[in-house]
Amino acid sequence: MSKETVTITDNRTGKSFECAIKNGTHGQPVVDCQALPKELGLFTFDPAFMTTASCESAITFIDGDQGILLHRGYPIEQLAENSSYLEVCYLLLYGELPKKGELDQFNTDIKNHTMLHEGLRNVFDGFRRDAHPMAMLLGVVGAMSAYYHDSMDIYNPTHRNLCAMRLIAKLPTIAANSYKYTMGFPYAYPRNDLGYTENFLQMMFSMPSDEYKISPTAVKALETMLILHADHEQNASTSTVRLAGSSQANPFACIAAGIATLWGPAHGGANEAVIKMLDEIKDVKNIPDFLAKVKDKDSSTRLMGFGHRVYKNHDPRAKIIRGICHDLLKELDTAKTPAFEIALELERIALEDEYFIQRKLYPNVDFYSGIILSALGIPTNMFTVMFAVARTVGWISQWKEMLEEPSMKIGRPRQLYVGAANRNLIPIDKR
């Protein structure tokens, strides 16, 4: 037994049990209470797993109080400033930043997997034209398991790596096809002469009738957004991917489970909610009345994109993306668009008003990413799809890490049963 322990005593019987305290590299220690049912006949009760560490992970660390986000030990600020999205993908997958030759090979491998099987492209035809793009993303990613079943042995390291490559490479293609399908536009094939983000933009917006010119500022904005959303520890969708993976499901099914969870408005819809809020305000002159409702404790009006459940101070990602957002608005000359004027004024007020400062309601990453996506011409029903493209590497990295643990077990949360007691069935003619 470790010298660092916590003693749990059942006051009904006086019986005690000593639990070891486990320390990580950073963050709060955890109490190892796995033997609690055996020793005391008790389980812990923790709705929404708010105080339960469900796994050990070496991928991402968050300190919400201090506004810290680390990937494999590297601060998100340094990664966003100095790395490409694919460098971050390599880091999350393999644990170290790549050397030049390793990154070149990784880039090549990703480019070799960006094309979709024509059969997968035909899957889109089964959807209604007004289907939500997330429905298409969910369906097509799940359908990938029908096309690559010869290389889905989850206990084969080569297969695991190949599945990861395919998912990272094909998600932008699937996302772009979802957009094109809803718009009735022809699909654009991926181009191997372009970088990951440039290729994504050309698949989204290029048309056969015109030459598509890619803005470096737009590329920088989208690349930064992808980096900032690549992984975020054990959130709802990541935990879902791990739980699905613990059943030994194939990786495409596991990522589809993550996509389904991300689709929920409480998880992946925050940046979409920002744009809806700006549209509802309609004009800068309406901001004072709107904020008065926000400050009214009896009002249900919420300020979307401000504050964060995890970060109790500044969201470190927001500091990074803010400048990129302003650069993009300036280049695209969209500052005169009402929604963006409203956004900039809300930002100014939130950073100066004591009401927001005292409550630490600072603009978060979703506030700026919503503005960026809207400025790029991406419709709001595609926002969560863009989030899923960025987060796929985090999901598959977490899945891969879990599969490589020698003691992996299927997830099986407990419950506190509060239903009817044991009772006898009465025949239907006597009820």
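The entries below follow the order in which I looked things up.

I first noted that this is a predicted model, in which local features need pLDDT of at least 70 and side-chain atom pairs count only at pLDDT 80 or more, while totals for chains, interfaces and linings use all residues. Residues are numbered from 1 along each chain as its sequence is written, and side-chain values use heavy atoms, with hydrogens and water left out.

Domains: I found domain 1 at 5-53 and domain 2 at 82-409, with bounds that come from an automatic or database domain assignment. Taken over C-alpha atoms, the centres of domain 1 and domain 2 are separated by 37 Å.

Strands: I looked up β1 (residues 5-10) and β2 (residues 15-22), which pair in the antiparallel sense over 6 bridges; strands are DSSP runs of E with at least two residues, helices runs of H or I with at least four, numbered from the N terminus, and pairing requires at least two DSSP bridges. I8 has F17 in β2 as its bridge partner. The two strands form a hairpin with 4 residues between them, and G14 in the turn has a positive phi of about 80°.

Helix α8: Because 9 of the 10 residues of α8 (residues 196-205) are buried, the helix is largely enclosed by the rest of the structure; buried means under 20% relative accessible area (1.4 Å probe, protein chains only). Among the buried residues are Y196, F200 and F205.

Annotation: UniProt, in an unreviewed entry, lists residues 367-390 as "transmembrane region", and such annotations may be inferred rather than shown by experiment. Over residues 367-390 I read 71% helix and 0% strand, with the end C-alpha atoms 17 Å apart.

Conventions:
Buried means under 20% relative accessible area, exposed over 50%, partly exposed in between (1.4 Å probe, protein chains only).
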